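Dear colleague,

Please find below the structure that I am handing over to you. My findings follow directly after it.

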Amino acid sequence: MKKILAWCGLLLGLGACGTTYVLPDIDETSATRAKSMFAEAQTATSRKQASPATAERRFRRVVSRVEPVAEKFCEAETASLNNFDCDVQVAIDRKLDERNAYFTYLNDKPAIFMTLPILQDMRNDDEVAFVLSHEYGHLIGRHIQKQQQQAMAGAIILGALTAYSNAQAASAGISYDPDSVARNTELGAAAGSMAYSQTYELESDTLGARIAAVSGYDPVKGAQYFARPEDARTEAGNLSFWGTHPPDEKRLATVLAVSAQIEAKQDLQRKQ
Ligand SMILES: [Zn+2]
């Protein structure tokens, strides 16, 4: 972990790390509420599964409300960027038989997929809306592009450092491993792409909370889906949805703080 943080220090110098959006300051009230909400969610045991037909109807209903809001939000946020594509294909991934939701690029076009098992597992429309809005956050935050830059920067830096130390060893007559440059270049790429992914999660939560709220959903209720006590790995040994989206109090506290900001703004507008 320390190594990754050190890496990010180096990468930050190259402008590859960090968020574009300011994460909210977490006030005392949000932190305390998040703590008790998280503890409560962690004790939840019974899980009712919706039928595939019900889950699919819920998905269509939520997408029809979230998609236009998210697209407008994306266009406004990326107006200064050349040809940024906000036209996202939102669909059910019917091939994957596990609970998952993810953002990706398909033939260079942005796409968000949710699986039927995750939709069947969700308790209400707010959870579907928040997870969907969170995935839009990964698009608007340009996280895939940033991770690619970080991987490249990490590979270049560690590869160059290794080549330099090998050259020094050679000139001092000390033996060195000739394969180490290639190996460490790969290592650098992996460290670079992993760096700060938690920050990206929080940035997506921040953006997602705003999109879900404007779409008419309750982001705090929705974000509780992440807080369930679940394994980080699936039975097949892959990272589960909770492995790539580690549940913690900070996540809930961030969403609570953003909601408080939205409510304060609405109060102000009402008074004007
Ligand atoms: Zn995420």
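Asn-83 counts as exposed, at 78% relative accessibility; here exposed means over 50% relative accessible area, buried under 20%, and partly exposed in between, with a 1.4 Å probe and protein chains only. Asn-83 lies in the loop between α3 and β1, and its phi is near 50 degrees, a positive value in a residue other than glycine. Helices (H or I, at least four residues) and strands (E, at least two) are DSSP runs, numbered from the N terminus.

A positive phi also occurs at Arg-142, where it is near 55 degrees, again in a residue other than glycine. Arg-142 belongs to the loop between α5 and α6 (143-171) and is partly exposed, at 24% relative accessibility.

Some notes on the basis of these values are in order. This is a predicted model, in which local features need pLDDT of at least 70 and side-chain atom pairs count only at pLDDT 80 or more, while totals for chains, interfaces and linings use all residues. Residues are numbered from 1 along each chain as its sequence is written, and side-chain values use heavy atoms, with hydrogens and water left out.

The pLDDT is the predictor's confidence in each residue, from 0 to 100. Its mean over the protein chain is 86, and 90% of the residues reach 70 or more. Over residues 12-16, however, the pLDDT is below 50, and this stretch has 9 contacts in the model beyond near neighbours in sequence. Contact means heavy atoms within 4.5 Å.

As to the overall fold, the protein chain has 11 helices and 3 strands. Along the sequence they follow the pattern α-α-α-β-β-β-α-α-α-α-α-α-α-α. The C-alpha atoms fill a box of roughly 70 × 50 × 40 Å, taken along the principal axes. Of the 272 residues, 46% count as buried. Among contacts with a separation of 6 or more, 73% are between residues 24 or more positions apart. The accessible surface comes to about 14600 Å², and 54% of it belongs to carbon and sulfur atoms; such areas come from the Shrake-Rupley method with a 1.4 Å probe, and for residues only the protein chains shown count as cover.

Cys-74 sits in helix α3 (residues 52-77) and Cys-86 in the loop between α3 and β1 (89-93), 12 residues apart. The link is left-handed, with -75 degrees about the S-S bond. Cys-74 and Cys-86 are both buried.

- Thr-254, in helix α11, is buried, with a relative accessible area of 2%. A polar atom of its side chain lies 2.7 Å from the backbone oxygen of Lys-250. Leaving out residues up to four places away in sequence, Thr-254 touches Pro-24, Ile-26, Leu-202 and Thr-206.
- Thr-199, in helix α8 (residues 197-214), is buried at a relative accessible area of 19%. Apart from neighbours within four places in sequence, Thr-199 is in contact with Thr-19 and Leu-23. Thr-199 and Ala-70 are 129 residues apart in sequence and 21 Å apart in space, C-alpha to C-alpha.
- Thr-234, in the loop between α9 (219-223) and α10, counts as buried at 19% relative accessibility. Thr-234 touches Glu-98, Leu-239 and Ser-240, again not counting residues up to four places away in sequence. From Thr-234 to Ser-171 there are 63 residues in sequence and 49 Å in space, C-alpha to C-alpha.

With kind regards

Technical notes
A polar contact is a pair of N or O atoms within 3.5 Å; within protein, one must be able to donate a hydrogen and the other to accept it, and residues adjacent in sequence count only if both atoms are side-chain atoms. A disulfide is a pair of cysteine sulfur atoms within 2.5 Å.
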